[in-house]
Amino acid sequence: MPDKETREQKVFRLSRRKALKSLAAAAGALALPGKDASASFWESFFQKNFRELRKDELQKILARMEREYSAQYGKPVKVKATPPREGVQYGYALDLSRCIGCRRCVYGCVKENNQSRDPQIHWIRVLQLNKEKGVDLEEAEQYYNPAKVPEPGHFYMPVQCHMCKNPPCTKVCPVQATWTESDGLVVVDYNWCIGCRYCMAACPYGARHFNWKKPGLPAAELNPDTHILGNRPRPVGVVEKCTFCIQRTRENPGRYPACVEACPVGARKFGNLLDPDSEIRYIIENKRVFILKEDLNTQPKFFYFYAT
Amino acid sequence: MKMIWEFFKGTLVLVFRGSKAYYAWVLGLLLLMAAGAAAYVYQIQAGLIVTAMRDQVSWGFYISNFTFLVGVAAAAVLLVIPAYVYHWKPIKEIAVLGEMLAVSAMVMCLLFVTVDIGRPERFWHLIPKIGILNFPQSLLAWDVVVLNTYLVLNLVIAVFILYNLYHRREPNKSFTTPLILFSIPAAVSIHTVTAFLYNGLGARPFWNASILAPRFLASAFCSGPAFMIMLFQVIRKYTKTEIKDEAIFKVAELIAYSMFLNLFLLGAEVFKEYYSDTIHLAPMKYLFQGLHGHSSLVPYIWTAMIFNVTAFILFLIPKTRENFVTLNIGCVLIFIGVYIEKGMGLVIPGLAPDVLGEIYDYSPTGIEFLVTIGIWATGLFVYTMLLRVAIPILNGDFHVGEDGVTPVIADQMFILQRPESRG
Ligand code: SF4
Ligand code: SF4
């Protein structure tokens, strides 16, 4: 069921609500000692799946998160839940003939999306490939470290979530903690994910990352402009991934993802696939475009192309 | 109600009594369980970072053990078939022992999954109606359903049979027979679903081979019965239960066929990958030869291969099959061989090299070992407790008294020393 439908109709099973209520009551009893301190713990413990929240429930949750994050990081933190826009399908294109492998996109993304600095989590991985061998992942090197890029004889291929139209990752999730929004963004509910990592095994692009440890995010480096399904600080033990900067791209007017802005050579293009006049449509229609692992039928909305 | 309560009290009395050997065994298990629990508490506090798993190899030792044990659980019950076919005399005993082994293995499986997930306190998200079980889309959801059904099914069968025998009446056949027969497809299904869990991932060529589910079943048919053979010998040596040699040899014969099938299917897969030599060969190369200088799995898989082939030969030749020394060696070899092959040898090459060609050499940390040992100890503990009650019932040493309410306990020691084993 598309998420919009669920959200608007508030489809919701009564028995479930009742069960949740009695669970909450039981939890209340458990929480007796130190009532105040644990209140928000239980609130988040019993939080429903994002897609089943009523408007008022969502508002309450956003307020609670803002309160908690602000206290924790010592500065005002905004948590938005900007919904998808009508008539938009986000698409991404990456010019392989331009990318120089400098990895500014990687660090731009880390900064924008509050990824853990210790241990480091990178939503974008840049592969160094051999010009002679072409796109042969077995020959790919992610940990190249020369004094200067690009290195002769090599080209670079950044990989991040491909926002598959037929995503194997959401299909396998046993609790529907991850799904595709109506604008094509594949998102994770960090409060619902149980951390089984089945989605990681299913993703053909290595786009999903697990919080093996409590994310190390220094307060000074926190980007306080966050989205509940995007770059808000993540808890330990859950999976996270690129969201095409949901907190930026869903704004009105929408902003480019951080990686697009960070790229010094303009190799990254982003736009609305449904808009016939958009740059991304021009690229798809006029350039030599290819899809990574096309044979897997994941139907990505992330395209590689050669402009020259 | 009163009768059930008295029965329950009787079982409690039983598990607290036994010979010195029994106490030592149980105490040892409890210590290992405590060590495992402590390691798990540490893991909960620090996060899964204390394991050697990382984004590249996101499943490891825990899920390997899980996969292997699903096979053991399935096979234990599948033994019921030969028991029926060969008219194994104490059929009910064999069935009950198998069902109980399945119960213990299932408990271990569920524990392995629990210790593997990042947010175990959110298990309720998996409960239909309260949480959201992504059924029938997610194979993991299927697994949750079939594993729990299987656990309950076996528990019901075992308890029902035992409770009736305790009351000195034949268990109602029209209740047990359908359930036992149903447990056969259920056993096949738990293993098939677990195979499909891996099988359905297009991103992982090593798992994405249609031969995987049959291979799972074939290898389970080796490891489960091998364990049962050893178990039968222990049980008949140290308790009053009688199990005929002939029966054990039949099981061994069955293992020989299964091992043949297992090796044959493996050969078919190796042929396909090596001869066609596509990019999908990489994981298999990583497993059997090492890839780009990474060869941590190679010694293990060859150990497994040698063990499996040796055991196959031992079980094939009637002379070695019917000699208890070689038979037991074969059982041990098979158990270890399949443990490696269907554990780490299956899970890790699926994940390394990873989808972007990176090879991360995974090998479990001390914490992972401790937690794993703790879970194995828990499984053995559960099985011991089940046997502690079941064996006296099967022997007639634990039954209801004249009044139909108070239990009579004739067997105090549980593990008895037979005259011949004293010298
Ligand atoms: S790239 Fe991976 S994480 Fe992204 S939608 Fe596709 S399968 Fe899911
Ligand atoms: S790790 Fe989280 S998002 Fe991924 S499949 Fe498991 S529950 Fe779903």
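This is a short tour of a predicted model, stop by stop.

Before you start: residues count from 1 along each chain as its sequence is written, while chains are lettered from A and ligands numbered from 1 in the order in which they are written. Local features need pLDDT of at least 70, side-chain atom pairs count only at pLDDT 80 or more, and totals for chains, interfaces and linings use all residues; side-chain values use heavy atoms, without hydrogens or water.

Stop 1: Select chain A. It has 10 helices and 12 strands (DSSP runs numbered from the N terminus: H or I of at least four residues for helices, E of at least two for strands). Of its 308 residues, 55% are buried (under 20% relative accessible area; exposed is over 50%, partly exposed in between; 1.4 Å probe, protein chains only).

**Stop 2: colour by confidence.** The mean for chain A is 90, and 88% of its residues reach 70 or more. Go to strand S9 (residues 239-241) of chain A: confidence is highest there, at a mean of 98. Then go to helix H1 (residues 3-9) of chain A, where the mean is lowest, at 49. Over residues 4-14 of chain A the pLDDT is below 50. Residues 31-36 of chain A also stay under 50.

**Stop 3: salt bridges.** Side chains of opposite charge can pair when their charged atoms come close.

- Select A:Glu240 and A:Arg234. Their closest N and O atoms are 2.8 Å apart. A:Glu240 is buried, at 1% relative accessible area, and A:Arg234 is buried at 7%.
- Select A:Glu285 and A:Arg281. They pair at 2.9 Å, N to O. Both lie in helix H10 (residues 279-286) of chain A, 4 residues apart.
- Select A:Lys48, A:Arg54, A:Asp56 and A:Glu57. Salt bridges link them in a network.

**Stop 4: chain B.** Select B:Lys9 and B:Glu6, a salt bridge at 3.6 Å. B:Lys9 is partly exposed, at 36%, whereas B:Glu6 is buried, at 10%.

Conventions
pLDDT is the predictor's confidence in each residue, from 0 to 100. Contact means heavy atoms within 4.5 Å. A salt bridge is a side-chain nitrogen of Lys or Arg within 4 Å of a carboxyl oxygen of Asp or Glu.
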